Amino acid sequence: MTIKRSVLAALVAGGLLVSSGVASAEDISGTIVRTLVLSETTRLVGDVTCTVTGGPCIAFGAPNIVLNLNGFTMTGLADPATGCKRTSIGTYIAISTNGQNNVGVRGPGVVQRFQADGILFMASVRGWVQGVTATTNCMSGIRVNPTSSQISVEGNVSVRNGHAVNPCGGI
């Protein structure tokens, strides 16, 4: 009987380890130092600071998935007052759809202080963003590139985006 209990306890403990490994693949918080490419529906479980340079902080890597901000904030390295560091840098994006179709960003949540766009739909079809506040980004808060179509943008707030040299602005 003692051996059966030990085996059962080991199986339960092993199951918990396997479960936590899966959860960490779809849960994001803390500091992101290189572009995080999503391959499944993912959620923020805490605020995110992005120190990525030369590319987006988060990029979709598969179609038919969602990034849930869950009420948390994504913050880039740009100036807190202007959203820029001297000038915009077009590759320093918070979230890029990266050419994937049928992908979405769900709020509530805040995307702030990126030296380019907060959220960029690039070469995507049937995407959406809802309930997100994009603020103090150097370019647009939410931008739908002309290579994208059928993009739904609803219930978002975009404030203090763009700057004097690059007055892109809101959505």
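**View 1. The largest nonpolar core of this predicted model.** Among the 28 residues of this core, Leu-69, Met-74, Ile-95 and Ile-119 touch the most other members, where a nonpolar core is a set of buried Ala, Val, Leu, Ile, Met, Phe, Trp, Tyr and Cys residues joined through side-chain atoms within 4.5 Å. At least two core residues come from each of strand 1 (27–32), strand 3 (42–50), strand 4 (58–60), strand 8 (104–112), strand 9 (119–121) and strand 10 (128–135), strands being DSSP runs (E, at least two residues) numbered from the N terminus. Local features in this predicted model need pLDDT of at least 70 and side-chain atom pairs count only at pLDDT 80 or more, whereas totals for chains, interfaces and linings use all residues. Residues are numbered from 1 along each chain as its sequence is written, and side-chain values use heavy atoms, leaving out hydrogens and water.

**View 2. The surroundings of Met-74.** When neighbours within four places in sequence are left aside, the contacts of Met-74 include Leu-44, Val-48, Cys-57, Ile-58 and Phe-114, contact meaning heavy atoms within 4.5 Å.

**View 3. Val-129 in strand 10.** Val-129 is buried, with a relative accessible area of 0% (buried means under 20%, exposed over 50%, partly exposed in between, with a 1.4 Å probe and protein chains only). Ile-151 lies 22 residues from Val-129 in sequence, and their C-alpha atoms are 8.1 Å apart in space.

Notes:
Helices (H or I, at least four residues) and strands (E, at least two) are DSSP runs, numbered from the N terminus.
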